[in-house]
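Subject: Structure for your review

Dear colleague,

Please find the structure below, handed over for your own work. My findings come after it.

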Amino acid sequence: MTPEPSSYSTRELSSRTWGDFEKLFRKKSKWGGCWCMIFHRLGPLPKSERRRLTKEQRVGRDRRDKKELIDKGSSHGILVYSDEEPVGWCQYGPKWELPRIDSGRIYKELSLDNEGKKLWRITCFWVDRKYRGRGAATAALKAALNSIKKKGGGLVEAYPATHKGFPADWFGNLSMFKKEGFEVVAPFGKSNVLVRQTIMP
Ligand SMILES: CC(C)(COP(=O)(O)OP(=O)(O)OC[C@H]1O[C@@H](n2cnc3c(N)ncnc32)[C@H](O)[C@@H]1OP(=O)(O)O)[C@@H](O)C(=O)NCCC(=O)NCCS
């Protein structure tokens, strides 16, 4: 039976929890091996490299690169557990760790002022299908904000979808960010918005 949201626990992504991260991401069969590397890179791989490597090789490379970043302490995220089973994930990190957003046209056009504060991003969620709609993503978001607070806080931004079922729901849903005190700053594409909140240490 699927548990109630209150029964979830969370842990920080680290070399110690790598095995759980791997287990969770191997469940994401539809995504054919996404290892949450997209936002760590400035842009897509050059065409020549994409042609040279098979899909399997690209996925293997993403997995290795992710592990390397985690071991260096340069990749952050929250794993959500139901009992000891990893069932959900949320990626967060300082701006420099997730630079892909900066290279997007919409983001550049917004020319946002960071008010001299350290900028954090929350870029990706994924919840095991069996556990969706039961608060796992919400638990991940709360834990990510708590981690950011412990790390000194700052300006936190995210890019959630405005309605359930909209594309790009890996950014999470607006209602869950609003419940945590985020405010909408600007539209971010057709179905998403950019939200921000200052988290004090
Ligand atoms: C979007 C997603 C993370 C939500 O996780 P969840 O654990 O079901 O979310 P929660 O139960 O904590 O609910 C949070 C809010 O999101 C809403 N929500 C649930 N599913 C959603 C969806 N598919 N799209 C948008 N919002 C959704 C809920 O209604 C809730 O809002 P409410 O409090 O106003 O009712 C989950 O559906 C998912 O993993 N989708 C696939 C994302 C993906 O493909 N990621 C991989 C990219 S490589």
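This is a predicted model: local features need pLDDT of at least 70, side-chain atom pairs count only at pLDDT 80 or more; totals for chains, interfaces and linings use all residues.

Ligand site

The ligand is surrounded by 22 residues, and the closest of them are Gly133, Gly135, Thr138, Ser175 and Lys179. By class, this shell comprises nine nonpolar, seven polar and six charged residues. Three elements each contribute at least two residues to the shell: strand 4 (119-127), helix 5 (136-150) and helix 6 (174-179).

Several polar atom pairs may be of use to you in examining the pose. The side chain of Thr138 places an N or O atom 2.6 Å from an oxygen atom of the ligand. A polar backbone atom of Gly135 lies 2.7 Å from a ligand oxygen atom. For Asn173, an N or O atom of the side chain is 3.0 Å from a nitrogen atom of the ligand. Taken alone, the ligand exposes 900 Å², of which the protein buries 83%.

Helix pair

Two packed helices are described by the angle between their axes and by the distance between those axes. The axes of helix 1 (residues 18-26) and helix 3 (residues 55-72) come within 12 Å and cross at roughly 150°. An angle over 145 degrees counts as roughly antiparallel, and helix 1 and helix 3 are therefore roughly antiparallel to each other. The crossing in which helix 1 passes helix 3 is right-handed.

Yours sincerely

Notes:
Residues are numbered from 1 along each chain as its sequence is written. Side-chain values use heavy atoms; hydrogens and water are left out. A residue is near a molecule or strand if one of its heavy atoms lies within 4 Å of it. A polar contact is a pair of N or O atoms within 3.5 Å; within protein, one must be able to donate a hydrogen and the other to accept it, and residues adjacent in sequence count only if both atoms are side-chain atoms. Accessible areas come from the Shrake-Rupley method with a 1.4 Å probe; for residues, only the protein chains shown count as cover. Helices (H or I, at least four residues) and strands (E, at least two) are DSSP runs, numbered from the N terminus. Ala, Val, Leu, Ile, Met, Phe, Trp, Tyr, Cys and Pro count as nonpolar, Asp, Glu, Lys and Arg as charged, and the others, Gly among them, as polar. Axes are lines fitted to C-alpha atoms, for helices over the stretch in contact, and angles run from 0 to 180 degrees between N-to-C directions. Angles under 35 degrees count as roughly parallel, over 145 as roughly antiparallel, 65 to 115 as roughly perpendicular and the rest as oblique. A crossing is left-handed if the near helix is turned anticlockwise from the far one by less than a right angle, and right-handed if clockwise.
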